[in-house]
Structures are given as C-alpha cells and as structure tokens.
Amino acid sequence: MRDVAKAAGVSSQTVSKVVRGLPGVSTDTRTRIMGIMRDLGFQPNVWARALKTGHASSIGVICDELPRPGPSLVIYGVESAARQAGYYSTVAGLPRPTPDLLQQAVEQLLSLSVAGIVVNVAMSSETGVLDQLRSDVPLVAVWAPTDTRLPVATYDHRSAAARATRHLLEMGHTTVHHLAGMHNQFGTDQRVAGWREALTQAGAPVPDVLYGNWDSRSGYALGKRLADDRSVTAVFAANDYMALGVIRALKEAGRSVPADVSVMGYDNAPESAFFDPPLTTVSQDFPALGARAFAILAAQLGIDGKGSSQPYLPEQELIVRASTAPPP
C-alpha cells in the first residue's frame, strides 16, 4: 500500500480509502490510484485486514468433491451473492461427508477467520451429522433436512416429485417407475417420498425403487433393467442426467420415447431442452439456492436485514416438453 501511495503521490490513508471503497477521495484521484494498483499488481491482504479491523471479510463454503453441475452452481450462487455484499468466498472440499471430515473442514475455515460457513454437501436424511458440528461462527446448510438445528436453504423436493408423478398419471399411465439418486441422501429420499405419495394417493401400483448415483451412466444401467419390460410406460428419473441414460437404454432396446415410454427428469439442466427428445423436467434454480443460503447467513451476521429465515424457495416449475405423452 505504501508503494501505491508513493507512485500516486498521495498518503497511505488515501489508498486505504480507495481499497475499502470509502468516500472522501475525488474521482480523478480514485481512478489514478486504481490504475497504479493494477499496474503494480496490488492485491489487498484480506486476512491482515481482518486481524486489524476485527471484521472478517470472507465466508467459507464446504462442498463435496463429486463434480456434479448442480452443487457447483450453488457455489456460484453463494459466491455471487457474497461478492455483492463485499465478502470473499473460501471453498473447502470433502471426499465424503462424514462427521469427522465435516468438523475438520469447519475448523480449517475457522482458522482462516471466516465470518460464516455454508455447508453445501449432499447430506443424509438423518440430521445427526449436522447437529454435531461445532463452530464459533454461523452455519447454514444446503441439501439438508429442515428439522436440523442449523438454518437450511432448500427446495421442497417432495412436493415437486409428487407433482411430476401426477403429471404422468394424469396422462393415463397406470403407474410410474422411479430411478432414484444415491441411497440415503436427503434429496433422494424426498423425491422418493413424493413419488410414492402421488402413486399411493392415486391408488396406483408402487414399483420397487431403483437407486443410482445421479449420473447418466447409472441411468443407462438402470434403464436397461426396465427396457425389456413392456409393462413399463413411464419413468421418472431423479435428475436430467439419469434421464438421459434411460432414454439411450430404451432406444437401444427398440422402444421409442415418448411413443412407447414417457421419461421425466428433474433439475432442468441447461442441456435438457436439447435432448432427443427434449426432456420434460422439474426446474431447480441452483444459483438462486446458493443466493438464498447466503441471504440466511447474512441475516445472522447482521449485514443484510432482508435475509429470509424461511428454508424453502418458491415452488419449482414443471416444464413439459416432448419426452412425455399418453401411454401407447
């Protein structure tokens, strides 16, 4: 900062005001200082600033290391909202969400003087893991049960899955087969519960759930198990990538989508409108989910009075495309 001040012919206090975005510096001087900062490659030391001011200017995000698009977009939503509020984001990855590894990630982020932490990890439907976390700063969870002691940001997956299943039943299908995500995860269990609820309320048969792991390969493998069963006329996949695998398995077996089998996805991935056929799906705005998580965290930190304590985002839209039709 002294180097920048010397090059600009101003005091270090003036440079400090520009760095912190404070008033009291003319537009011309501010522009000149920012140009010199760029030329010198100046970067503020956020950790030193936190020690000096007693105010942390970063938040932590804990995520699992599976390279899935949805959770990655949630991180983008958190980071974008945090940046608008003047906060940096530091990410800690986990190979798996065990209690010990989660606690280690929390402690790692606490050592970096974060103001709060967003836990963006696919959690079990049991709340015990999150309830055991110890932290000196506020925590907010994503993809977690709402009865945990932590504030939660999520969608109502159960209601959305029930609505998707009813859509297929109302088209005339006698039942709907479900390809679920990873076993014993909150998002998986909620979608299974909504699917089963819709079938039970309609008096329709409830087939066995087939569990995958959210990717197209598992959807393809499970789809092959259903492809030769001519009684199967409707499949609801836990996400769009599993649905893509199902469509390929059905086509390889000589079954047309949707003339022979209707296929429904979940998430409204950017590619889903360009599947063959375009996929009927349930929307899920992942960046908005990340932004809601930060809003809840911001409210706890007292930096944004508009933060909502309500866990659920607005109802997800059912997007009807060409992959669903009445049964043959």
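## Chat about strand S6 and the cores

Reader: What's the bridge partner of His 177 in S8?

Author: Val 235 is the partner of His 177 there. This is a predicted model, where local features need pLDDT of at least 70, side-chain atom pairs count only at pLDDT 80 or more, and totals for chains, interfaces and linings use all residues. Residues are numbered from 1 along each chain as its sequence is written, and side-chain values use heavy atoms, leaving out hydrogens and water.

Reader: How many bridges join S6 to S8?

Author: 3, and S6 runs parallel to S8 (residues 234–237). Strands here are DSSP runs of E with at least two residues, helices are H or I runs of at least four, both numbered from the N terminus. Two strands pair if DSSP finds at least two bridges between them.

Reader: And which way do the S6 side chains point?

Author: His 177 and Leu 179 point one way, His 178 and Ala 180 the other, and all are buried (under 20% relative accessible area; exposed is over 50%, partly exposed in between; 1.4 Å probe, protein chains only). In a regular strand the side chains alternate between the two faces of the sheet.

Reader: Switching topic: which residues touch the most other members of the largest nonpolar core?

Author: Ile 59, Val 74, Val 142 and Leu 289, out of 24 residues. Such a core is a set of buried Ala, Val, Leu, Ile, Met, Phe, Trp, Tyr and Cys residues joined through side-chain atoms within 4.5 Å.

Reader: Which helix gives the most to this core?

Author: H12, with 7 residues. A second, separate core has 22 residues, including Ala 92 and Val 129.
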